[in-house]
Amino acid sequence: MSSPNTADNPWPVRTVNTKIADWIHRLGQIWVEGQVTQISRRPGTRTAFLTLRDPAADISISVTCSPDLLARTEVPLTDGSHVVVLGRPSYYTGRGTLSLRISDIRPVGIGQLLLRIERLRQLLAAEGLFDPRLKRPLPFLPKSIGLISGRASAAARDVVAVATGRWSAVRFEVRDAPVQGPTAVPAILSHLAALDAHPDVEVIIIARGGGSVEDLLPFSDEALLRAVATCTTPVISAIGHEPDAPLLDLVADVRAATPTDAAKRVVPDVEAELAAIAALRRRSAHALRNWVRREAHIVDGLRARPVLARPHTLVDAEAARVGDLRRALRRDIRRRVDVEDRRIEHLSAQLGTLGPAQTLARGYAVVQRADSDQQIVGAVADMYPGARLRIRVSDGAAHATVTEGDESR
């Protein structure tokens, strides 16, 4: 036994089983919680057999006890009963099997169940799983509706009947699952994952009729609640009736009071929708007619205004004004021209009176030197003997030569 374990020195099966048994037996007595399944009482034997199953996982353990222990329980045990047991793990080396030999069994009462549900509710609320902001909206008319319910249950029939009555073309993906007992949660989890991954399913309904607190325990299971919270498809909880309130109602995107209410929430009533469409069409037609009448009245008012009824009036008035301005402009121009003409005549007369021609006409003459510069002679000294002169009178000019000068006055 103390020699090393190698390929050349292997342990026999008895040694392995003995070592395993030693380790398991060191665990001692433990309290275990679970659901009872497969109770077997064999008459004439000193041992009763049952299976204790974890309600949140597909895990179980074999349990043995005295038949008297089962008979002494305060509440008769049945499949699905929630219990707490005190036992010692035993490993049978002959068959290599593990079982739990119990010496005490206590059914979990409603008060304890409610307390545990309340603790779980507080935990999930603290994590934010009930936050309204996480709720997904329901589609108006889903392609297909996933339905998880008991096989041939009244809840499933109600959902399908009400939904098809409201909209005959509605499609369902129905999945049958136990809705109470130890196998309910694993089955519902499996169907929920499959429907959530289905490409056509746009909403999932989990439906069940009413029941006791113990019957509705699967719908307050932590594993199921977390799975619903992580779904990408909107989930409707339709568990029991109005007074029933499993925690699934708080995690689901929509809580329906009954399975019938769930069908009404997810499927629109075709007759009501058609009536609403007809009413909207009537209202829109009435609104359009009123708008046309109102706009026509505005147009008639605009057309009745003088500027539109007789549009040439404004043009004619402006044309007359332009004509008056043109006539006034011509009148002013003629008046100005006449005034300037008279002024020119007056200036011309003044110029003629003051000009050299009038002076020459009165007998005066203009004497200029006949040389190249034609300088006007203004003194006797300029008319030296021999100087050639040009003498201009009123009707012409003549040339002369100075022979003699006279400076006397």
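S90 is buried, with a relative accessible area of 16%; buried means under 20% relative accessible area, exposed over 50% and partly exposed in between, using a 1.4 Å probe and protein chains only. S90 sits in strand β4, residues 82-92. This is a predicted model, where local features need pLDDT of at least 70 and side-chain atom pairs count only at pLDDT 80 or more, while totals for chains, interfaces and linings use all residues. Residues are numbered from 1 along each chain as its sequence is written, and side-chain values use heavy atoms, with hydrogens and water left out.

**Around S90 and S60**

- Leaving aside residues up to four places away in sequence, S90 touches I24, H25, T97, L98, S99 and R101, where a contact means heavy atoms within 4.5 Å.
- S60 belongs to strand β3, residues 60-65.
- With residues up to four places away in sequence again not counted, S60 touches T51, L52 and R53.
- S60 and L100 are 40 residues apart in sequence, and their C-alpha atoms are 11 Å apart in space.

- As background, most residues other than glycine have a negative phi.
- Q38 isn't a glycine, yet its phi is positive at about 55°.
- You'll find Q38 in strand β1, residues 30-41, and it is exposed, with a relative accessible area of 59%.
- A152 isn't a glycine either, and its phi is also positive, at about 55°.
- A152 lies in the loop between β6 (144-149) and α4 (154-166).
- At 63% relative accessibility, A152 counts as exposed.

**L347 and helix α11**

- L347 is part of helix α11, which covers residues 312-354.
- L347 and V402 are 55 residues apart along the chain, and 39 Å separate their C-alpha atoms.

**Overall shape**

- The protein has a radius of gyration of 63 Å, whereas a compact globule of 409 residues would come in near 22 Å; the radius is taken over C-alpha atoms, and the globule rule is 2.2 Å times the number of residues to the power 0.38.
- Taken along the principal axes, the C-alpha atoms fill a box of roughly 195 × 75 × 35 Å.
- The domain assignment gives domain 1 (13-108), domain 2 (113-131 + 140-268) and domain 3 (358-402), with bounds that come from an automatic or database domain assignment.
- Taken over C-alpha atoms, the centres of domain 1 and domain 3 are 168 Å apart.

**Fold, surface and charge**

- The protein has 12 helices and 13 strands; these are DSSP runs numbered from the N terminus, with helices being H or I of at least four residues and strands E of at least two.
- Of the 409 residues, 29% count as buried.
- Among contacts between residues at least 6 apart in sequence, 60% join residues at least 24 apart.
- The accessible surface comes to about 26,000 Å², and 56% of that belongs to carbon and sulfur atoms; accessible areas come from the Shrake-Rupley method with a 1.4 Å probe, and for residues only the protein chains shown count as cover.
- The mean positions of the 54 positive and 47 negative charges are 3 Å apart.
- For that count, Lys and Arg are positive and Asp and Glu negative, with His and the chain ends not counted; each charge is placed at NZ of Lys, CZ of Arg, CG of Asp or CD of Glu.
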